[in-house]
Amino acid sequence: MLSVSIASPTTFTFPPKPKSSIPKTSFTGVRIQHLCSQRLPSQATSFRRLPASYSVVMMAKRGEEMKEIRAKTTEEINDEVVELKGELLMLRLQKSVRNEFKSSDFRRMRKRIARMLTVKREREVEEGINKRLSRKLDRQWKKSIVVKPPPSLIKLREQEAAEEAEKSTA
């Protein structure tokens, strides 16, 4: 059952409804109420949460990735963080020159970097390194990074070199 009321000196109501459902206010506009007690099947399913199995699958993937990260040494983690940050920079450059790229890669890489840095910090906590010393060590590590091109750029350069080699032989 649907009722419509227009706030003005006179009120029109279709069909008759109980007086207690809408209190008198200074509302000026149109008020539409749905007085049906049953929900339609499409409405009932559209607001439901996803089954718990969906979140469990995501947790399992994340758990596997965390096990894989924890199996690495701290130096390997540092190297991979540098590579991923380089890849992130390449994605930003691709975005700025409007090349094709997957926008989901931004989030995926940032999350992977965060997971690696989390594992690194967990190891520092186990060793008893406090937050201030951790930041100092992090600054020293960042200064010691040798700038090298990310793997995707190296691959691109190799492909270009192979194409030029094919052109020169042909």
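This is a predicted model: local features need pLDDT of at least 70, side-chain atom pairs count only at pLDDT 80 or more; totals for chains, interfaces and linings use all residues.

Me: Let's start with one side chain: does Arg132 count as buried or exposed, and why?

Reply: The idea is to compare relative accessible area with a cut-off: exposed means over 50%. Arg132 has 71% relative accessibility, so Arg132 counts as exposed. Arg132 lies in helix 5, which covers residues 131–144.

Me: Which residues form the positive surface patch?

Reply: Arg132 belongs to the patch, together with Lys131, Arg135, Lys136, Arg139 and Lys143.

Me: Now the whole fold. In what order do the elements run from the N terminus on?

Reply: The order is β-β-α-α-α-α-α-α, that is, two strands and six helices. Buried residues make up 19% of the 170 residues. Of the contacts with a separation of 6 or more, 58% join residues 24 or more positions apart.

Me: Where is Met116 found, and what does Met116 touch?

Reply: Met116 is found in helix 4, residues 104–127. Met116 is at 0% relative accessibility and therefore counts as buried. Leaving out residues up to four places away in sequence, Met116 touches Ile69, Lys72, Ile77, Glu80, Val81 and Leu84. With Ile69, 47 residues away along the chain, the C-alpha separation is 6.6 Å.

Me: How should I think about salt bridges?

Reply: Side chains of opposite charge can pair when their charged atoms come close. This structure holds ten salt bridges. One of them joins Glu65 and Arg115, with the closest N and O atoms 2.9 Å apart. Glu65 lies in helix 2 and Arg115 in helix 4, so this pair ties together parts 50 residues apart in sequence. Both Glu65 and Arg115 are buried.

Me: How far apart are the closest N and O atoms of Glu124 and Arg121?

Reply: For that salt bridge, the distance is 3.3 Å. Glu124 and Arg121 are three residues apart in helix 4, so about one helical turn separates them. Glu124 counts as buried at 11% relative accessibility, whereas Arg121 is partly exposed at 27%.

Me: What about Lys142 and Asp138?

Reply: They form a salt bridge as well, with the closest N and O atoms 3.7 Å apart. Both lie in helix 5, four residues apart, about one turn of the helix. Some salt bridges also share partners: Glu65, Glu68, Lys72, Glu80, Arg112 and Arg115 are joined into one network that way.

How values were computed
Residues are numbered from 1 along each chain as its sequence is written. Side-chain values use heavy atoms; hydrogens and water are left out. Patches are made of residues with over 30% relative accessible area and no salt bridge: like charges are joined within 9 Å, nonpolar side chains (Val, Leu, Ile, Met, Phe, Trp, Tyr) within 5 Å. Accessible areas come from the Shrake-Rupley method with a 1.4 Å probe; for residues, only the protein chains shown count as cover. A salt bridge is a side-chain nitrogen of Lys or Arg within 4 Å of a carboxyl oxygen of Asp or Glu. Lys and Arg count as positive and Asp and Glu as negative; His and the chain ends are not counted. The place of a charge is taken as NZ of Lys, CZ of Arg, CG of Asp or CD of Glu. Buried means under 20% relative accessible area, exposed over 50%, partly exposed in between (1.4 Å probe, protein chains only). Contact means heavy atoms within 4.5 Å.
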